[in-house]
Amino acid sequence: MVAPMMSDAAFPRPPLAAWLPGTDRAGRFSALKFAAFLAALGPGAALVWFWSQGELAPKPITAAIHFSGDWALRMLALTLAVTPLRVVTRVNRLILIRRTLGLSALAYGLLHVALYCVEQRLDLWTVVSEIALRFYLTIGFVALAGLIALGATSNEAAVRRLGATGWNRLHALVYPIALVSLFHYFLQSKNDVTPAVLWSGYVLLLLGHRLLARRRRGASALALVGLAVAAGLATGLVEAAWYFGRSRIAPLDVLAGNLDFEIELRPPWIVFGAGLALAGLAALFNRLSPARSRGR
Ligand code: HEM
């Protein structure tokens, strides 16, 4: 699962070592990739630890389903964040960790569903019928099927088979898959959709960056400040639209709730802050190397 951007050049057959975690395409050890691999294992290790310490009581399987679902989505968002960070910092080596993050999104997604099967006492008929009958599970299944398709083609052999253009087109599906996963998140939320709104905001920010990068403005600090404002506003609108669609709550009331700072800092502000941080990073790196800021 690697986001698009590959040229139509010929791809040499990679050595067997390139399949190992922590190695680059040429099969050489990469400390960056290995660190990303270890970091991706972190939440899984934490889950085992919490479980063994009884911290997931009284319903450990349900808690683990939520934990793994959260991390599947976070890894997916982190995968989408690699290219914006690479464009802003011009640290091209970051590309090495994209596949690791994408595959870990798939791994946490598979764990999430495996735990759901365990919760259903491994009664596969119940699992299948629940997925077919409950809309939020059907949506989750669509997202998982997409992740599996991308994961199965996240290798050099698939790039050779599909050709760079076909492969790029297939892997551009990572964005709709992220949106479908977010919809699943919203649908399963009970009363409070705050975390789902926050992650939607991050994904909107990253999608917005993709649009800017297409116009070669992905490293412009000014354009990124504009993006921060737009993503923050869009996050507030997503929340207002959700509450209006679900409970007919007046959108202006929901939007106004974001201005009450005494309760908590609401997602639109957090997303705005994340966008500003990206703009600040761009300004810093453009300053370090002024020639880079031209035309980006
Ligand atoms: C066949 C596929 C899937 C099934 C059967 C499934 C099932 C579930 C279930 C049962 C819940 C908990 C609902 C509740 O307690 O009311 C849940 C929550 C969740 N799922 Fe899935 N899911 C699937 C795919 C996915 C995928 C692909 C992702 C992300 C990439 C995902 C992310 C989440 C998230 C973020 C939550 C909410 C966690 C939280 O509340 O902290 N799910 N899912």
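User: At what angle do helix α2 (residues 60-89) and helix α11 (residues 267-288) pack?

Analyst: The model is predicted: local features need pLDDT of at least 70 and side-chain atom pairs count only at pLDDT 80 or more, whereas totals for chains, interfaces and linings use all residues. Residues are numbered from 1 along each chain as its sequence is written. Helices (H or I, at least four residues) and strands (E, at least two) are DSSP runs numbered from the N terminus, and axes are lines fitted to C-alpha atoms, for helices over the stretch in contact, with angles from 0 to 180 degrees between N-to-C directions. The axes of α2 and α11 are 8 Å apart, and the angle at which these helices pack is about 30°.

User: Is α2 roughly parallel or roughly antiparallel to α11?

Analyst: Angles under 35 degrees count as roughly parallel, over 145 as roughly antiparallel, 65 to 115 as roughly perpendicular and the rest as oblique. The angle of α2 with α11 is about 30°. The orientation of α2 relative to α11 is therefore roughly parallel.

User: Which residues in α11 meet α2?

Analyst: Two residues are in contact if their C-beta atoms, placed from the backbone, lie within 7 Å. On the α2 side, the contact involves Pro84, Val88 and Thr89. Their partners in α11 are Leu278, Leu281, Ala282 and Phe285.

User: How do the residues of the contact of α2 with α11 divide into nonpolar, polar and charged?

Analyst: Ala, Val, Leu, Ile, Met, Phe, Trp, Tyr, Cys and Pro count as nonpolar, Asp, Glu, Lys and Arg as charged, and the others, Gly among them, as polar. The contact of α2 with α11 divides into six nonpolar, one polar and no charged residues.

User: What is the orientation of α7 to α8?

Analyst: Helix α7 (residues 174-188) packs against helix α8 (residues 194-214) with the axes 10 Å apart and an angle of about 165°. The relation of α7 to α8 is therefore roughly antiparallel.

User: Is the crossing of α7 and α8 left-handed or right-handed?

Analyst: A crossing is left-handed if the near helix is turned anticlockwise from the far one by less than a right angle, and right-handed if clockwise. For α7 and α8, the crossing is left-handed.

User: How many nonpolar, polar and charged residues has the contact of α7 with α8?

Analyst: From α7 come Tyr175, Ala178, Leu179, Leu182, Tyr185 and Phe186, and from α8 come Ala196, Trp199, Ser200, Val203 and Leu207. By class, the residues in the contact of α7 with α8 are 10 nonpolar, one polar and no charged.

User: Which orientation do α3 and α5 have to each other?

Analyst: Helix α3 (residues 98-119) and helix α5 (residues 135-152) have axes 10 Å apart, at an angle of about 140°. They cross with left-handed sense. The orientation of α3 and α5 to each other is therefore oblique.

User: How do the residues of the contact of α3 with α5 divide into nonpolar, polar and charged?

Analyst: In α3 the contributing residues are Gly102, Leu103, Ala105, Leu106, Gly109 and Val113, and in α5 they are Leu144, Leu147, Ile148, Leu150 and Gly151. This contact of α3 with α5 comprises eight nonpolar, three polar and no charged residues.

User: What is the radius of gyration of the chain?

Analyst: The chain has 12 helices and zero strands. The globule rule, 2.2 Å times the number of residues to the power 0.38, is compared with a radius of gyration taken over C-alpha atoms. For 296 residues the rule gives 19 Å, and the chain is as compact as a globular protein of that length because its radius of gyration is close to this, at 20 Å.

User: Is arginine 216 buried or exposed?

Analyst: Arginine 216 lies in the loop between α8 and α9 (221-247), and its phi is positive, near 60°, although the residue is not glycine. With 12 other C-beta atoms within 10 Å, arginine 216 is therefore exposed.

User: Where is proline 58?

Analyst: The peptide bond from alanine 57 to proline 58 is cis, with omega near 5°. The place of proline 58 is the loop between α1 (31-52) and α2.

Notes:
Buried ≥ 20, exposed ≤ 12 C-beta atoms within 10 Å, placed from the backbone.
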